[in-house]
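Please keep the sequence and the 3D view open side by side.

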Amino acid sequence: MSSYDSAIREPLITGHKTYHQITEDLASPTEKAPNAAWIIGFLISVSLLAFGLFCIAWTIWHGIGTWNLNRTIGWGWDITNFVWWIGIGHAGTLISAILLLFRQKWRTGVNRAAEAMTIFAVICAALFPGIHVGRAWVVFYFFPYPNTRGPLWPNFNSPLLWDLFAISTYFTVSLLFWYTGLVPDFATVRDRAKGFRRKIYNFLSFGWTGSAKHWQRWESLSLVLAGIATPLVLSVHTIVSFDFATSVIPGWHTTIFPPYFVAGAIFSGFAMVLTLMLVTRKILNLEDYITIEHIESMNKVILVTGTIVGVAYLTELFIAWYSGYVYEQFAFFNRAMGPYWWSYFGMMFCNVLSPQLFWWKKFRRNIALTFFLSILINIGMWFERFVIIATTLARDYIPSSWSYYSPTWVEIGIFLGTLGLFFTLYLIFTRVAPVVAIAEVKSILKSSGDQYCGPNAIHHHDDHDHSHHDHDVHAHGDDTAALGATTMLADDQGHEESLQLDQNPTAEAIVMDEPETTKEETITRAEVKSDDLKKIEGIGPKIAETLNLAGINTFEELANTSTERLQEILDNAEGNFGGNSPESWARQAKLAAEGRWDDLNDLQEKLDGGKY
């Protein structure tokens, strides 16, 4: 093994997957009819969205008076939900950009859905400022258009305008980053599609051919966007915190808000990614690609960021006490002991205490507990934003103006509508694009697949070939560039040549010595010997069963069977397999019988890409 591969690191891809199986597993959800769970989830989401749109129309028609805001509490559920959605939108870019720059392989299982989550969460957040202006037809006041109306607007001194710059930039870069990653996978789906669907994916894939030049430019663009997006992760929620920190209201006017908000955003964003991925993992049967190792890594990040948030809470309390400023002290006393005490202690329990369970490995790897805590954390982070906004505004300097805020059905309906919008967009996304990045998962197969690493590895590379392979993969900014480079060559004009199997072959599997057996045991073992013929590209469960009935049970038997005989078996089968071409089966079976799994994977990848 190479010097940077841990001997005890668990695989990130399980199930002894081949390149073809990865394509089948990840692309097929976009091709098959949705299952009952997806349909039920979609109907619920669309229903919530419809109710939310009704509440938005109600607000625009009747005015902001339909909300329970007043002179004391001018911000309520609307800005609470705005900050909450912006926070959730942070994790996608963090996973995709920062983890890419730090060469974290476990990002490949979750980055695609996290990126999509970013886009959808920012869309949900953008609704609230537009509604909160009251008169929706003057929402253009937000934008920095040429000032022809005097000094009144736009107000460049307002952090609300800074929000517009930061969030629109963040949204644009995140959208480009997300779509860039989708291009190779859209091409994969295109090559499997027919008719009008193929034309759509051909347009979406921008004419991607998988040449070395395409991979090189794709990799360069990914790194540039990652470099731009990384500071945006830190800047966006910092600027959101300025909405509060630049005021003079006790409880808001504090310098801890920028790092505190950023840590909280990453905290809640990772929790939402876990919520989505655990459900997606179950519904789409992606357990082999979103493994316990991925979940544990996510929980470690949640533990760290949750602890940072807890330290920020305690720091606020300490500074309020240490400052000797009675109004600041009262703001925090009111949060804990005032009429909103339930939201304060709910925030503390959900955000500070519950993540501490992840100090124990058995809890980090417990799927049911992780799912429950991911929801609990997002509830807690909503409480945090509510505590900051509502409790601070409810009791100001003048006791005669003190008030108590509770939302109306319209405000609750708008929030439920944004949840419906978010999940509707996410469910549609799972139907039109692979939820897990196909190309990026393939790029780590030979270093993180369970047949190559971990306790159940079935073949190992010798030091020379493994090091050579790892150099090819890790010399580039992203593993995916190596996938294109190892599957085909391209000259300066873009002409491609398929790699031949005998060019720089990887090491063959090492056959471990088996214990001695008697002649009778050998005969018995031979009688029951049977190989998994489904590992051959083009052979599914039904065809494998048909071949078994015809007396072909092993790779060796399949390798020694002529193409004409195989075609005859298929033509005479009841399953109507006559359209399947068995031309490459014998060649694949020969490689499998000889234990040349690397060569077989390379061959199947070429077959999958239409190279033969």
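A crossing of two helices is called left-handed if the near helix is turned anticlockwise from the far one by less than a right angle, and right-handed if clockwise. Helices (H or I, at least four residues) and strands (E, at least two) are DSSP runs, numbered from the N terminus. This is a predicted model, in which local features need pLDDT of at least 70 and side-chain atom pairs count only at pLDDT 80 or more, while totals for chains, interfaces and linings use all residues. Residues are numbered from 1 along each chain as its sequence is written, and side-chain values use heavy atoms, with hydrogens and water left out.

Let's take the whole chain to begin with. The chain holds 25 helices and 2 strands. Of its 612 residues, 52% are buried, where buried means under 20% relative accessible area, exposed means over 50%, and partly exposed lies in between (1.4 Å probe, protein chains only). A contact here means heavy atoms within 4.5 Å. Among contacts between residues at least 6 apart in sequence, 76% join residues at least 24 apart.

Now to helix packing. Two packed helices are described by the angle between their axes and the distance between the axes. The axes are lines fitted to C-alpha atoms, for helices over the stretch in contact, and the angles run from 0 to 180 degrees between N-to-C directions. Helix 4 (residues 90-101) and helix 5 have axes that come within 7 Å and cross at roughly 145 degrees. The crossing of helix 4 past helix 5 is left-handed. On the helix 4 side you will find Ala91, Gly92, Thr93, Ile95 and Ser96, which meet Asn111, Ala114, Glu115, Met117 and Thr118 of helix 5. By class, the residues of this contact are 4 nonpolar, 5 polar and 1 charged. For that sorting, Ala, Val, Leu, Ile, Met, Phe, Trp, Tyr, Cys and Pro count as nonpolar, Asp, Glu, Lys and Arg as charged, and the others, Gly among them, as polar.

Another pair to look at is helix 9 (residues 257-283) with helix 14 (residues 367-394), packed at an angle of about 145 degrees with their axes 9 Å apart. Helix 9 also passes helix 14 in a left-handed crossing. The contact of helix 9 with helix 14 is made of 16 nonpolar, 6 polar and 3 charged residues.

Next, follow helix 2. The expected span of a helix is 1.5 Å times one less than its number of residues. For the 27 residues of helix 2 (residues 36-62) that gives 39 Å, which agrees with the 39 Å between its end C-alpha atoms. Which residues of helix 2 are buried? They are Trp38, Ser45, Leu49, Gly52, Cys55, Ile56 and Thr59. Helix 5 (111-132) and helix 15 (409-432) are included in what covers the buried residues of helix 2.

Helix 15 is also the place of Phe422. Phe422 counts as buried because its relative accessible area is 0%. Not counting residues up to four places away in sequence, Phe422 touches Trp85, Met117, Phe120, Ala121, Cys124, Met272 and Leu276. Phe422 and Val46 are 376 residues apart in sequence, yet 9.9 Å apart in space, C-alpha to C-alpha.

Let's turn to the backbone. Most residues other than glycine have a negative phi, and most peptide bonds are trans. Phe206, although not a glycine, has a positive phi of about 55 degrees. Phe206 sits in the loop between helix 7 (195-204) and helix 8 (212-245), and its 59% relative accessibility makes it exposed. Asn285, also not a glycine, has a positive phi of about 55 degrees. Asn285 is in the loop between helix 9 and helix 10 and is exposed, at a relative accessible area of 58%. Just after helix 2, Gly63 takes a positive phi of about 100 degrees.
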